[in-house]
Each structure stands twice: as structure tokens, then as C-alpha cells.
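Student: Could we go through this structure slowly, asking at each step what rule stands behind a word?

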Amino acid sequence: MGQRILVVDDEPDLLELVRVNLSQAGFEVDTAETGRQALERARRSAPDLLILDLMLPDLSGTEVCRHLRADPSLGEIPIIMLTARADEVDRVVGLEIGADDYVTKPFSLRELMARIRAVLRRPGPRQKFEEFAFGDVRVHLRARQAFKGGREVRLTRKEFDLLRYLIEHPGEVITRDRLLDEVWGYERFPTTRTVDTHILRLRQKFEDDPERPAHILTAHGQGYRFVAERGASS
């Protein structure tokens, strides 16, 4: 039996569309239309992942997330929040109180599947990845913030997604095609050149010498490799 996903949304058509597509992808799917239903079903049988709409008719998505994170038996459930474009403040609050990722409505099913795969592949337990450090860089994964030498580094969403993916796969040689699939998978026209450009930007922002990187390394003829410790050659 596949991994179990609980989908929570008060739009019946969207809920059914997501349920059918996740089932076809091999997941076991449960659904709820209210925050209270979501909590009841999660407590009855903890899912492997929760897809949670922010705007629900009783408890908001942020309230549901807060309840789950406060429950020792449910606090480790990965959560992807569904948000409207105007909900930026709520989205930030959701990430701060424990959501693992978010998808903005309207979204493509391919985008949602890419986000689901990425979250489910993250190593656990979750607490280990709230903060990560390499060199003089500190990355707060929950808050989606990065600092170098104590100063915040501004990143685009995709730059942060790429940095996080590299951090979560230390030492692995990751091909450009794999990065395209896992980080850009739902977009229409990314190319391997897109990966190279974003890697260059990350090096410029985090490496002491971007021409001789110590952490974001090139695996010649293959792709890229992230190492936290200095001393490896590119």
C-alpha cells in the first residue's frame, strides 16, 4: 500500500480532482472539508503527509497546523499548505508555525505532485532540518531565510528551493536533469542552463570565492555536489 495523504479543502471539485490524481499516482488518499474533520482524521490514523488549505469554514489552516505541531503523536506530519495569491501574510505565518511548504492557487497538478515528492523525500525527523549551517552560512529552513556572516541573504523562491535540495542531499552527485525534475519539475520551459545559472547565483551569494567553491561543487560531466565541510575539490 502506498503512502497515505490527507487532503483538506472546502472546495468539493478541487478535493475530488486532487484525490483522483493522487490515487492514480499510487497514494492512499483520505479527505476532509473542514479543519475539525482534518484533526479528527489525523488523530484516528496519522497520514504520511497533509495537504491543507489555509481558508477553511471552521478552523483556519494555520490553526490546524498549530494543533498538529502541539500534539506529540502528530507533530512530525509533513504539511503542504494551499494558499491564494493574496494570502502572503498567512503563508508566512503558516511556514513559521510549522508548514513544510506551500502551493499557491491556482496550481497545476504537476506542480503539486512535484512538491509532494520533494517533501516526502526529505530526511527525518523534521527537527533536524529546522536550521543548517556550513562555513559562515546559516540557513533557517522553516522560515526560508539564509544568513552569511550574520547578514541576511536575499533569495528568490527558486534559489531557496535549490539550496534546500542541495543541503538535504549532502555528498550526493546530483545531475542537472534530476534538479530540473525535483526543483523545477512543474514549470514549462526550464533547461539545464537554468540550473547552471541558479548554481552560479548561489555561489556568488554564499561562497567566499565563487570561482573556487568550497561547498557547492561541480561534478564534471555529471552535475553538482554539496559538501558542508571545506577541503573537497570541485
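Student: How many cavities of 30 Å³ or more are there?

Tutor: A word on the model comes before the count. This is a predicted model, in which local features need pLDDT of at least 70 and side-chain atom pairs count only at pLDDT 80 or more, while totals for chains, interfaces and linings use all residues. Residues are numbered from 1 along each chain as its sequence is written, and side-chain values use heavy atoms, with hydrogens and water left out. On a 1 Å grid over the protein atoms alone, a cavity is a set of points where a 1.4 Å probe fits but cannot get out, and by this rule there is 1 cavity of 30 Å³ or more. The volume, which is the space filled by probe spheres set on the points, is about 160 Å³ for the largest cavity.

Student: What makes a residue part of the lining, and which residues are closest to the centre of the largest cavity?

Tutor: A lining residue has an atom within 4 Å of a point. The largest cavity is lined by 12 residues, and Arg115, Ala118, Arg122, Asp161 and Glu182 are the closest to its centre. At least two lining residues come from each of α5 (109–121), α6 (157–167) and α7 (176–183), where a helix is a DSSP run of H or I with at least four residues, a strand is a run of E with at least two, and both are numbered from the N terminus.

Student: How many residues of that lining are charged?

Tutor: Asp, Glu, Lys and Arg count as charged, Ala, Val, Leu, Ile, Met, Phe, Trp, Tyr, Cys and Pro as nonpolar, and the others, Gly among them, as polar. By these classes the lining has 7 charged, 5 nonpolar and no polar residues.

Student: Why is Phe134 with Phe226 called an edge-to-face pair?

Tutor: Rings of Phe, Tyr and Trp (its six-membered ring) pair if their centres lie within 6.5 Å, and planes under 30 degrees apart count as stacked, over 60 as edge-to-face and the rest as tilted. By this rule the count comes to 4 aromatic pairs. For Phe134 and Phe226 the centres are 5.1 Å apart and the planes stand at 85 degrees, so the pair is edge-to-face. Phe134 lies in strand β6 (residues 131–134) and Phe226 in strand β12 (residues 223–226), so the pair ties together parts that are 92 residues apart in sequence. Phe132, Phe134, Phe206 and Phe226 form one aromatic cluster.

Student: What makes a set of residues a nonpolar core, and which members touch the most others in the largest one?

Tutor: A nonpolar core is a set of buried Ala, Val, Leu, Ile, Met, Phe, Trp, Tyr and Cys residues joined through side-chain atoms within 4.5 Å. The largest has 25 residues, of which Phe134, Val139, Leu162, Leu166, Leu179 and Phe206 touch the most other members. Helix α6 gives the largest share of this core, 6 residues.

Student: Why is the charge of Arg157 said to sit over the ring of Tyr102?

Tutor: The rule asks that NZ of Lys or CZ of Arg be within 6 Å of the ring centre and within 35 degrees of the ring normal. The charged end of Arg157 sits over the ring of Tyr102, 4.2 Å from its centre.

Conventions:
On a 1 Å grid over the protein atoms alone, a cavity is a set of points where a 1.4 Å probe fits but cannot get out, and a pocket is an open set with protein on both sides within 12 Å along at least five of seven lines; lining residues have an atom within 4 Å of a point. Buried means under 20% relative accessible area, exposed over 50%, partly exposed in between (1.4 Å probe, protein chains only).
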